[in-house]
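Work through the exercises below with the model open. Each task is followed by its solution.

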Amino acid sequence: MKTFEVKEEFLVDGKPTRIMSGAIHYFRIMPDHWEHSLYNLKALGFNTVETYVPWNLHEMREGQFDFTGGKDLVSFVKKAEEIGLMVILRPGPYICAEWENGGLPAWLLNYHDMKIRCDDELFLEKVENYFKVLLPLIVPLQVTKGGPVIMVQVENEYGSFSNDKLYLRALKKMIEDAGIDVPLFTSDGAWEQALMSGTLIEEEVLVTANFGSRGNENFDVLQSFMEKHDKKWPLMCMEFWCGWFNRWNEDIILRDADEVMTCMKELLQRGSLNLYMFHGGTNFGFMNGSCAGKIGNLPQVTSYDYDAFLTEWGDPTKKYEAAQELLKELFPDMIQQTPKLRTKKDYGLIPLKRKVSLFKTLSSLGKSEQSIWPKTFEQLGSGYGYVLYQTKVIGSTNSERIKLVDTSDRVSVYVDEVFYLTQTQEEIGTEFNLPLQGEHELSLLVENMGRNNYGARLLAPTQRKGIRGGVMVDHHFETEWVQYALSFETIGDVDFTKGWIPNTPAFYEYEFEAHECEDTFLDCSTLGKGVAFINDFNLGRYWSVGPIQYLYIPGPLLKVGINKLVLFETEGVVAERIALKDHPVYVKG
C-alpha cells in the first residue's frame with residue numbers, strides 16, 4: 001500500500017516526489033478510450049491524472065443519480081490505477097471547466113430564493129444530498145485504503161467568486177465526515193486577494209494556484225502567501241493552462257509550444273504541476289459552457305480540443321513531442337514510452353434517407369405542457385436543448401408589433417409554420433413586425449446555447465433559459481401557451497413517416513454501413529445550425545459560423561453493420577449528402 005503525505009515536499013512512500021499530473025476528464029472521452037489517453041499520459045513520464053467531477057452530469061434531475069457508462073468515475077479511477085497513475089479528484093460542487101453551468105445542475109434554478117456557493121442552508125442541503133452519493137464511491141479509492149487517489153479538492157477557484165469561509169468549512173466538514181482522509185487542497189488564481197478569499201490555509205488545507213504563464217512570478221506569490229501563514233508546503237500549479245478554449249464565430253486560439261515549454265520548465269524546476277488540459281476531449285450533448293459577454297452569454301464550441309498535449313481525438317501534438325524532449329533534459333532517468341495513435345477512417349458520402357419537420361413529429365417527441373404564461377426550460381424538463389412555444393394569436397393588422405421579453409438564448413419565429421426571423425441575444429427585446437391579421441399560430445423555437453460557467457452570472461436569473469418574461473403582441477402579453485421541451489434524450493422517437501416542410505426546423509436521417517468501427521469526423525461545412533446524433537448518442541452542436549466545421553465521432557459509438565446518423569437542423573438547410581472524413585474541418589483561423 002502506498003502512502004502519500006504533504007510535508008515540505010510531497011512524499012510518496014516517504015520519498016520526496018514531484019507530482020507531474022495531466023487533466024483528463026472522463027466525461028469528455030468515451031470509456032473505451034480512457035485507457036488510450038491514460039497510457040499516453042504515463043508514456044510521457046507523468047505519474048498522476050487529475051479530473052473534475054461534474055455534478056450536473058451525475059444528477060441531471062434532482063434525486064436521480066447516475067454513475068454508469070461514460071459517467072462511471074470509479075471505473076476511470078481504477079483504470080488509471082491499472083496503468084500506474086496516482087489520481088487527483090476535484091468534486092466541486094462547482095468546477096468551471098468551460099462546462100455547462102460550471103457543473104451546477106440546471107434544476108437548482110427552480111429554487112428562486114437559493115444563494116449558490118455560499119453558506120446558504122438550502123444550497124448546502126442540495127450539495128450534501130449529492131455528496132452523500134458521490135463521496136462513498138471515492139472513499140475506498142483513496143491511497144489510505146490502498147487505492148490511487150492522493151488528494152481531493154475543496155470547491156474550485158473560490159477566491160474568484162467569494163470569500164465565505166463558513167461555506168468552505170461546511171464543504172470541508174462534509175468531505176471529511178464522509179470518510180475522505182487524504183490531503184485536501186484548494187486552487188485559486190495566483191494573486192493575493194484570490195488566495196486570501198478562496199483558501200483554508202489556517203485549517204491545514206493545501207494551497208495551490210492556477211495560471212498559464214509567468215511561472216516563477218506566480219510561484220513567488222504562492223510561496224509568499226504560504227510563508228505569511230508559516231507554511232512550508234510544496235509549490236504546485238494545479239492548472240497550468242497549456243492552451244485555451246474556443247467560442248463560436250471566433251478564430252481558434254492556439255498557444256506556441258516553445259512558450260509552453262519555457263514556463264513548464266520553470267515550474268518543474270521549483271515544484272509540481274497539473275497540465276490543463278492534457279487531453280481535452282469533447283463537450284458532447286448540450287454540455288458546452290458559456291462565457292459572460294456584455295449582452296449575454298458567449299457559448300463555447302463542441303470541441304474541447306484546448307490546443308492540449310493530445311488532440312480532441314487523442315493523438316499526440318507538437319506540445320507532447322516538445323514535452324518529451326524537455327523531460328529528458330530535466331530528468332534523464334525518467335522512463336518514457338512511445339505514445340499511441342488512433343486510427344481514423346473516411347466513410348465517404350452518405351445519402352439522405354428520410355426527413356421530417358419538427359412541426360409534424362411533435363406528438364412523438366413527448367408530452368406538451370400548457371400554461372397561461374410561458375414556462376422556462378428548467379420548469380418544463382431537464383433544462384437543456386430547445387423548447388418550442390406555441391400559441392394562437394388574433395391580430396388586427398398585417399403588421400403587428402411583437403416583442404420578446406427576457407428570453408434566452410436564440411429564438412426562431414414562425415407564423416403558421418412559416419419562418420419569419422431569428423433573434424439572437426443582441427436583438428432579443430427589440431420589436432419586430434409579423435402579419436397576424438385574423439387568427440394565426442405563433443411558434444417560437446428557443447435554444448439554450450449553454451449556461452455561463454464562470455463569474456457573477458452563475459445561476460443568476462438570466463441563466464434560466466427560455467421565455468422568462470413573456471411575448472408581447474401590440475401592447476399586451478399573450479397568454480395560453482403550449483410548450484414542448486426538446487432535450488432529445490430519446491431521439492429515436494422521431495416519426496419519419498410524417499411530412500416535411502421547407503425552411504422549418506427538421507430532422508434528417510442518414511444510414512451507412514461500417515465494417516470497422518474507427519474514429520471519424522462529420523463534415524458540417526454544408527450544414528446550418530443544429531445538433532447531430534449517431535446511433536441515438538448526442539454528439540453535440542454544429543454551426544456554420546465556425547471556427548470548427550466538424551463533429552468528432554469516436555469509433556466506440558459505431559457498430560459493425562448499419563449505423564444511423566440523425567441531424568436536427570434548425571436553419572432550413574437540406575444536405576442531400578453528408579461526408580464522414582478521416583480528418584477535422586475548420587473554416588476560421
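**Exercise 1.** How much space lies in the second largest pocket, and which residues are closest to its centre?

*Step 1.* The second largest pocket holds about 440 Å³ of space. A pocket is an open set of points on a 1 Å grid over the protein atoms alone, where a 1.4 Å probe fits, with protein on both sides within 12 Å along at least five of seven lines. Points are joined across faces, edges and corners, and the volume is the space filled by probe spheres set on them.

*Step 2.* Lining residues have an atom within 4 Å of a point. Here there are 21, and Lys2, Lys42, Asn47, Gly84 and Met86 are the closest to the centre.

*Step 3.* The lining divides into ten nonpolar, six polar and five charged residues. Ala, Val, Leu, Ile, Met, Phe, Trp, Tyr, Cys and Pro count as nonpolar, Asp, Glu, Lys and Arg as charged, and the others, including Gly, as polar.

This model is predicted: local features need pLDDT of at least 70, side-chain atom pairs need 80 or more, and totals for chains, interfaces and linings use all residues. Numbering starts from 1 along each chain as its sequence is written, and side-chain values use heavy atoms, without hydrogens and water.

**Exercise 2.** What is the volume of the largest pocket, and how do its lining residues divide?

*Step 1.* The volume is about 720 Å³.

*Step 2.* The lining has 27 residues; Leu57, Lys71, Gly285, Phe537 and Asn538 lie nearest the centre.

*Step 3.* Sort the lining: 15 nonpolar, seven polar and five charged.
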